[in-house]
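Visitor: I would like to learn how to read salt bridges. Please show me the structure to begin with.

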Amino acid sequence: MNVSCYASDWKEVYFDYKNANFKEMRKEFKSIDWRTRSKDMNASEMWNICKEEHARLVKLHAPKKIRRKSRNEPLWWNISKHKARKNKLRWWQRHKESMNQQDFVKYRNAMNRGRREIRNAKRKYEHRIAMNVKKNPKAYYRNAKSGMSVKEIVGPLKEGSGETVSDDKGMTSILNGHFANVFTEERLESIVPHPILHTFSEEMTT
């Protein structure tokens with residue numbers, strides 16, 4: 001059984017600082033009258049004020065993005081594996097453009113390094129699950145269940161009258177009726193026997 005454990009879908013909202021408007025943030029930050037705001041405050045209170053203003057300006061001038069983790073990414077997958085895969089693809093693209101032998105060697109090295117990292121990560125993850133099977137049996141069964149190929153269910157189905165059927169017996173009857181319509185009932189009396197077989201049958205009976 002091919003054992004691998006996959007994480008459920010999740011999403012995380014974060015600020016995209018790469019596309020933030022730092023010019024406006026600096027402008028508004030400098031326009032604050034810090035002397036008046038920090039009057040009669042100690043260092044801790046002044047620091048809290050700075051953090052609050054920074055958070056406010058980030059919300060105003062930094063767009064938000066959603067980071068999603070796909071169900072197809074295993075739990076042992078991390079940023080180093082992602083970088084290794086991107087590095088391999090980058091060298092492959094460079095080799096296709098240049099058709100240089102040195103670029104191909106670098107691509108092959110990157111591919112082997114990525115395979116080695118993935119193989120070691122899978123081995124360490126499965127070893128950790130095996131060592132903690134008594135303490136955390138859910139992780140073991142989740143890991144085993146993720147390797148099953150059949151994950152989709154059939155139904156509910158609709159009859160010809162439009163009624164929805166969800167019980168196993170009713171859906172089995174509908175499927176049997178549907179597949180029975182595919183096959184035609186042949187009339188044996190209309191079938192012309194093959195000449196050779198017909199002659200052979202007559203010789204056997206005489």
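Guide: A salt bridge is a side-chain nitrogen of Lys or Arg within 4 Å of a carboxyl oxygen of Asp or Glu. Side chains of opposite charge can pair when their charged atoms come close. This is a predicted model, in which local features need pLDDT of at least 70 and side-chain atom pairs count only at pLDDT 80 or more, while totals for chains, interfaces and linings use all residues. Residues are numbered from 1 along each chain as its sequence is written, and side-chain values use heavy atoms, with hydrogens and water left out.

Visitor: How many salt bridges does the rule give?

Guide: The count is three. In one of them, arginine 37 pairs with glutamate 53, with the closest N and O atoms 3.2 Å apart.

Visitor: Where in the chain do arginine 37 and glutamate 53 lie?

Guide: Helices (H or I, at least four residues) and strands (E, at least two) are DSSP runs, numbered from the N terminus. Arginine 37 is in helix H2 (residues 34-37) and glutamate 53 in helix H3 (residues 43-61), so the pair links distant parts of the chain, 16 residues apart.

Visitor: Is glutamate 53 buried or exposed?

Guide: Buried means under 20% relative accessible area, exposed over 50%, and partly exposed in between (1.4 Å probe, protein chains only). Glutamate 53 has 9% relative accessibility, so it counts as buried. Arginine 37, at 33%, counts as partly exposed.

Visitor: Which residues are linked in a network of salt bridges?

Guide: Arg37, Glu53 and Arg56 are. Arginine 56 meets glutamate 53 at 2.8 Å, N to O; both lie in helix H3, three residues apart, about one turn of the helix.
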